[in-house]
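Look at the sequence and the 3D structure below.

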Amino acid sequence: MIRFTFAAVPFAIAGLATPLAAEEVGYGPRPGYLIDRMEEGPLKEKLAGCMGQTPARSDFSIGHRGAPLLFPEHTVESNKAAARMGAGILECDVTFTKDHELVCRHAQNDLHTTTDILASDLAGTCVTPFSPAEGETEATAECRTSEITLAEFRTLTGKMDAANTSATTVEEYMDGTANWRTDLYAVEGGTLMTHAESIKLFRDLGAKFTPELKSPAVEMPHDGFSQEDYAQKMIDEYKAAGVPASDVWPQSFNLDDVLYWIENEPEFGAQAVYLDDRYDVEGFDYMDPATFEPSMQELADQGVNYIAPPMWMLVTLEGDEIVPSPYATAASEAGLNIITWTLERSGPLTGGGGWYFQSVADTIDTDADYFTMLHALHDKVGVVGVFSDWPATVTYYANCMGLD
């Protein structure tokens, strides 16, 4: 049987007294639920045979913004949940405030969907005030961390990332959580964090770090704060905290950020992760290496050691079998370590899995296929880490397969 070991751990934003102990890591019911729904076969037999294993932290399991399937993302509560599910690496998406302090938010301009700002005294700072839906026009709002100071940021609370675009009131607009998520753990509001506080928290939870430098929503330099200043400040906060570079995987979709770290902070740059969103570039085809610019080998020659595309770019179908894509093959041949995103973000898979499963949608028809995809990514592609919105699934798989 699965061990349910979500033990309570005393916490204050200043930190835990001791790191989260191994016996306090647990899976909860979801991995077993998914295994029960799998088709009979070797993979189900293997995973079912691990039901009695002792849960253990694994660096293969990466908390994507914490555990936002059920908890408000980038909050203390979300990351504590991810750590308790065995995520060995936790993520702070890093952006900056008006006074250039670093905070954890998925985007500089997402406060209207991830916090209570529209219902607070800071609503007047939003670059696009709330506008209700009318006729065929959807409700809109846009609120940025760059419009408020750190002190003001600290007055906000986190909520589930969602918006009801058919809303006619602020209250309706903020109440847009998908029916397969929940507001149960957001009722009292999630605790927001600065980047420095996330370092303290993750270390106290016994996890490692993968901060992502987010693209600014404002023109850079911003009041004298350059992109290079921004990239350097993120690294400086790890150095100030005494965190070894070997425990940090800094990320960016901006290749120039990755190259900056490689050149100016080589110890941290050795594990810098190039988040690949070239699927948005006209002419790019993940099935045709001739369209990759720069090529995988050119990236490796520039010192890039890690690349992280979305899951669907790494796989394709041969009949009903999920196999590595030409993109995955090219990355492996160039010696690049591959990390991918994001498992458990698609909701129910009965409709094919949506964007994250688009290249293999014809074989995706049940939630059990989260394990089908995960196994293909590990066994066929050879990924070294998987971001997940619910890390217990990846942790269970990693423990079963003997992945540290």
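The structure is a predicted model. Two packed helices are described by the angle between their axes and by the distance between those axes. Helix 13 covers residues 369–381 and helix 14 covers residues 392–401; their axes lie 11 Å apart and form an angle of about 50°. Helix 13 and helix 14 are therefore oblique to each other. The crossing of helix 13 over helix 14 is right-handed.

Which residues of helix 13 and helix 14 meet? Helix 13 contributes F371, L374, H375 and H378, while helix 14 contributes T393, V394, Y396, Y397 and M401. Sorted by class, this contact has six nonpolar residues, three polar residues and no charged residues.

Charged residues come in with the next topic. Side chains of opposite charge can pair when their charged atoms come close. In the whole structure, a search finds 14 salt bridges. One of them joins the side chains of K233 and E101, with an N to O distance of 3.8 Å. K233 sits in helix 8 (residues 227–240), and E101 sits in the loop between strand 3 (93–96) and strand 4 (102–104), so this pair ties together parts that are 132 residues apart in sequence. K233 has a relative accessibility of 23% and therefore counts as partly exposed. E101 is also partly exposed, because its relative accessible area is 29%.

A salt bridge also forms between the side chains of E197 and R154, at 2.8 Å from N to O. This pair links distant parts of the chain, 43 residues apart: E197 belongs to helix 7 (residues 195–204), and R154 to the loop between helix 5 (150–153) and helix 6 (170–174). Are these two residues buried or exposed, or partly exposed? E197 counts as buried, because its relative accessibility is 16% and buried means under 20%. R154, with a relative accessible area of 48%, is partly exposed.

The last pair leads back towards the two helices. The side chains of D389 and R345 meet in a salt bridge of 2.6 Å, N to O. D389 is in the loop between strand 15 (385–388) and helix 14, and R345 is in the loop between strand 14 (337–343) and helix 13; the pair links distant parts of the chain, 44 residues apart. Both D389 and R345 are buried. These two residues are also linked with R181 in a network of salt bridges.

How values were computed:
Residues numbered from 1 in each chain as written. Predicted model: local features only at pLDDT ≥ 70, side-chain atom pairs only at ≥ 80, totals over all residues. Heavy atoms only, no water. Axes fitted to C-alpha atoms, helices over the stretch in contact; angles between N-to-C directions. Helix = DSSP H or I, 4+ residues; strand = E, 2+ residues; numbered from the N terminus. Parallel < 35°, antiparallel > 145°, perpendicular 65-115°, else oblique. Left-handed = near helix turned anticlockwise from the far one by under 90°. Contact = heavy atoms within 4.5 Å. Nonpolar A, V, L, I, M, F, W, Y, C, P; charged D, E, K, R; others polar. Salt bridge = Lys/Arg side-chain N within 4 Å of Asp/Glu carboxyl O. Buried < 20%, exposed > 50% of the residue type's maximum accessible area, 1.4 Å probe, protein only.
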